[in-house]
Amino acid sequence: MTIIMKPRDYDLQALWKPFTANRQFKAAPRIFVSARDMHYTTDDGRQVLDGTAGLWCVNAGHSRPRIVDAIKRQLDTMDYSPAFQMGHPGEFRVADLIRQLAPGDLDHVFFANSGSEAVDSALKIALAYHRARGEGHRNVLIGRERGYHGVGFGGISVGGIPANRKAYGSMLPRVDHLPHTHNPEKNAFSRGQPAWGAHLADDLETRIIALHDASNIAAVIVEPVAGSTGVLVPPKGYLERLRAICDKHGLLLIFDEVITGFGRTGRAFAAETFGVVPDMITFAKGVTNATIPLSGVIVRRQIYDTVINNAPPGMVELFHGYTYSGHPVATAAAEATLGLYHEEKLFDRAREIAPHFENAVHTLKGVPHVIDVRNFGLMAGIDLEPRPGKPGARAFDAFLRCFEQGVLTRVTGETIALSPPLIISRNQIDELVGAIAGVLRKLD
Ligand SMILES: Cc1ncc(COP(=O)(O)O)c(C=O)c1O
């Protein structure tokens with residue numbers, strides 16, 4: 001087939017792209033013009049297999065008609081309804097659906113729009129909760145090195161990615177960080193949860209609580225599987241220990257499930273997969289299959305009741321919210337998405353196909369430049385040996401060549417991250433991993 005390249009009818013210059021090397025991108029842009037199921041189409045007519053579900057978010061595959069139709073219907077019916085002091089049926093229905101998917105007694109849902117906003121909301125709810133209990137002095141927030149919790153000042157404060165913090169001066173003042181759990185010397189090429197490292201959770205008690213005193217600490221926030229920092233899988237027993245220490249000292253435990261939510265680990269939430277119930281879960285991305293922004297926080301009943309019942313009747317209980325919290329078009333998208341996940345049993349599918357995915361990514365052991373492969377559910381991180389003095393350059397080259405070969409990967413630092421839509425077939429997994437192997441064999 002002859003591909004006719006259309007001239008661009010837009011200029012590249014005015015746009016400032018996020019988390020992108022703008023000059024490099026504009027010199028050789030990569031433009032998608034349409035998407036369907038497992039593939040994108042580029043502006044030069046090439047099909048690209050989506051190995052990353054967009055940005056870890058298109059869990060049911062692209063442009064699914066059921067979701068698209070629901071969005072169109074909602075727009076024909078009601079475009080917007082005020083988030084404050086007014087309601088619409090969709091937001092109650094979706095909160096109820098999410099409640100049913102959540103573990104334990106996490107049964108109240110606060111809506112926001114992005115993962116970053118969900119994180120800020122969760123941190124604020126933690127502070128408001130302790131204050132309502134008469135323990136407003138509990139206001140230290142604990143994150144983790146290498147954690148990613150979005151880009152709000154709350155998220156970068158508890159987050160632990162140096163590049164995301166270094167330009168921005170003051171962070172939230174009362175924050176500390178657990179050590180990250182990544183140790184390639186002990187755990188390289190682990191399949192699933194690594195055996196070594198549960199004791200790293202003890203740092204919460206032996207160093208952080210010892211330093212700040214538990215009576216000052218509000219909450220601990222971690223990604224159950226750290227995604228953006230390169231797919232760091234929690235060591236066996238690690239999350240359980242965090243939970244136990246938080247319980248012992250009255251700290252809230254927040255799981256940031258913006259990536260791990262909605263089937264990525266083979267269950268609705270990683271909390272269920274790991275059998276560890278946090279006090280709050282943040283979610284975003286997959287809740288609408290990335291069609292329309294929607295995010296939120298799921299909180300335990302006791303947290304909701306405490307904050308609500310502490311305010312005088314008739315008064316706003318939590319001075320927090322967004323114009324688009326529970327936007328009707330977003331909740332219509334979420335309702336259709338959650339229906340699709342249920343009908344197509346996509347979380348089960350992710351669980352069933354995960355062993356094939358695991359075997360496939362581990363065939364990269366021994367391929368040139370590969371120094372670690374790790375995986376959990378439908379997430380994998382493949383670490384490349386960096387080129388001397390050029391951090392990230394080899395991995396970025398690999399990303400570009402994979403794109404030329406027709407597969408979309410994601411690169412963070414020296415790690416190629418994979419997180420395909422949960423509908424990926426076995427053959428497509430083999431195609432994705434085969435393309436990466438082919439690229440790495442030719443890469444200097
Ligand atoms: C764990 C986690 N939290 C928060 C965010 C931020 O989400 P957003 O980019 O929608 O603000 C992300 C984004 O990747 C994430 O992975």
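Helix 5 (residues 115-132) gives the shell around the ligand its largest share, three residues. Keep in mind as you look around that this is a predicted model.

**Around the ligand**
- The ligand is surrounded by 14 residues.
- If you want to find the closest ones on screen, look for S114, G115, S116, G150 and V258.
- Sorted by class, the shell holds seven polar, five nonpolar and two charged residues.

- Seven strands form an open sheet with mixed pairing, and their order is 4-10-9-8-7-5-6.
- At the edges sit strand 4 (106-112) and strand 6 (175-178), each of which pairs on one side only.
- On average, neighbouring strands of this sheet are turned by 20 degrees against each other, direction ignored.

**A closer look at one strand pair**
- Strand 8 (residues 252-256) pairs with strand 9 (residues 280-283) in the parallel sense, and three bridges join the two.
- A handy landmark is F255, which stands opposite I281 in strand 9.

**Helices on the sheet**
- Helix 4 (residues 89-101) packs on the sheet, where it touches strand 4 and strand 10 (295-300).
- The direction of helix 4 makes about 135 degrees with that of strand 4.
- Helix 12 (residues 301-310) lies across strand 4, strand 9 and strand 10.
- Relative to strand 10, helix 12 runs at about 90 degrees.

How values were computed: Residues are numbered from 1 along each chain as its sequence is written. This is a predicted model: local features need pLDDT of at least 70, side-chain atom pairs count only at pLDDT 80 or more; totals for chains, interfaces and linings use all residues. A residue is near a molecule or strand if its C-beta atom, placed from the backbone, lies within 6 Å of it. Helices (H or I, at least four residues) and strands (E, at least two) are DSSP runs, numbered from the N terminus. Ala, Val, Leu, Ile, Met, Phe, Trp, Tyr, Cys and Pro count as nonpolar, Asp, Glu, Lys and Arg as charged, and the others, Gly among them, as polar. Two strands pair if DSSP finds at least two bridges between them. Axes are lines fitted to C-alpha atoms, for helices over the stretch in contact, and angles run from 0 to 180 degrees between N-to-C directions. Two residues are in contact if their C-beta atoms, placed from the backbone, lie within 7 Å.
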